[in-house]
Amino acid sequence: MWGLNCHAGENREYLKVVAHPQLHCPAKPATLSEVLEEYFERFQDVKTGLARAISKILGFEEGYIEKVFDLTSGFDVAAMNVYPPNFQSKGSIGVPSHTDPGFFVSLIQDVDGGLRVLSHKGKWINVYIPRNAFLIQIGDHLEILTNGKYKSHVHQVVVDNNKVRRISLATLHGPSLDTLVIPASEFVDQFHPPGYRGTTYKESLEANGHYEIEVQSCLEQLRL
Ligand SMILES: O=C(O)CCC(=O)C(=O)O
Ligand SMILES: [Fe+2]
């Protein structure tokens with residue numbers, strides 16, 4: 001899906017493709033699908049490694065998250081972004097503040113600067129990503145699974161009055177579409193009642209009337 005968003009609140013051009021369980025990518029240019037295929041194939045090891053590490057940190061056996069999110073069929077969408085868009089450009093907000101659905105988001109960029117994260121004290125922090133490094137951000141469905149222990153944090157992109165051209169690849173790694181995500185019983189007790197309503201991943205992606213591939217957050221609607 002190609003999109004050009006340059007209205008008051010947003011200012012970017014992007015191509016979104018489903019990356020997993022099966023890569024759906026335009027056939028031309030052939031180098032694009034070849035590079036993405038290799039990237040996402042090799043990224044599976046990073047995803048599995050993170051799932052195992054986080055499972056252990058949460059006190060579960062290492063295969064816990066792979067199992068509850070059914071990651072072998074996990075629904076991943078990659079957004080390739082250009083800021084500012086090639087055509088028109090209005091304002092300096094690349095992407096307004098939001099959280100992302102899913103287990104986690106991985107991000108690479110060509111030039112540093114632009115991405116900001118809202119701290120728990122309500123301050124915007126510029127994110128520094130060392131060259132050749134990935135940024136990993138927690139997604140809404142890990143927040144739901146942990147009943148709010150892990151937070152899907154609010155972030156935005158600010159494009160310095162469009163003086164700098166920036167390209168990023170943000171991939172939203174989700175559970176499988178038919179996985180029902182609810183707060184795990186281990187995080188629920190009389191002092192911590194369930195804070196979120198359970199839905200399948202597919203239902204939560206479509207809750208705001210968007211298509212699955214638009215991967216918009218609906219965390220606010222799921223809060224109890
Ligand atoms: O381009 C970026 O740095 C982040 C983009 C983003 O937040 C998103 O696509 O959800
Ligand atoms: Fe995002």
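On a 1 Å grid over the protein atoms alone, a pocket is an open set of points where a 1.4 Å probe fits, with protein on both sides within 12 Å along at least five of seven lines. Its volume is the space filled by probe spheres set on the points, which are joined across faces, edges and corners. This is a predicted model, where local features need pLDDT of at least 70 and side-chain atom pairs count only at pLDDT 80 or more, while totals for chains, interfaces and linings use all residues. Residues are numbered from 1 along each chain as its sequence is written, ligands are numbered from 1 in the order in which they are written, and side-chain values use heavy atoms, with hydrogens and water left out.

Let's start with the largest pocket, which holds about 420 Å³ of space. Its lining (residues with an atom within 4 Å of a point) has 28 residues, and Arg12, Lys16, Val95, His98 and Asp100 lie nearest the centre. Sorted by type, the lining has 13 nonpolar, nine polar and six charged residues. β10 (166-173) gives the most, with four residues; strands here are DSSP runs of E, at least two residues long, and helices are runs of H or I, at least four.

Now find the iron ion (ligand 2). Which residues hold on to it? His98 (NE2), Asp100 (OD) and His155 (NE2) coordinate the iron ion at 2.1 to 2.2 Å. Donors are N, O and S atoms within 2.8 Å of the metal (3.2 Å for Na, K and Ca), and sites may look incomplete because water is not among the atoms. Along the chain, the donors follow the spacing H-x1-D-x54-H. Asp100 is buried at 10% relative accessible area, while His98 is partly exposed at 24%. Buried means under 20%, exposed over 50%, and partly exposed in between, using a 1.4 Å probe and protein chains only.

For Arg166, the distance from a side-chain N or O atom to a ligand 1 oxygen is 2.8 Å.

Finally, look at the backbone. Most residues other than glycine have a negative phi, and most peptide bonds are trans. Yet a cis bond joins His20 and Pro21, with omega about 10°, and Lys28 to Pro29 is cis too, with omega near -5°. Pro21 and Pro29 sit in the loop between β2 and α1.

Methods:
Ala, Val, Leu, Ile, Met, Phe, Trp, Tyr, Cys and Pro count as nonpolar, Asp, Glu, Lys and Arg as charged, and the others, Gly among them, as polar. A polar contact is a pair of N or O atoms within 3.5 Å; within protein, one must be able to donate a hydrogen and the other to accept it, and residues adjacent in sequence count only if both atoms are side-chain atoms.
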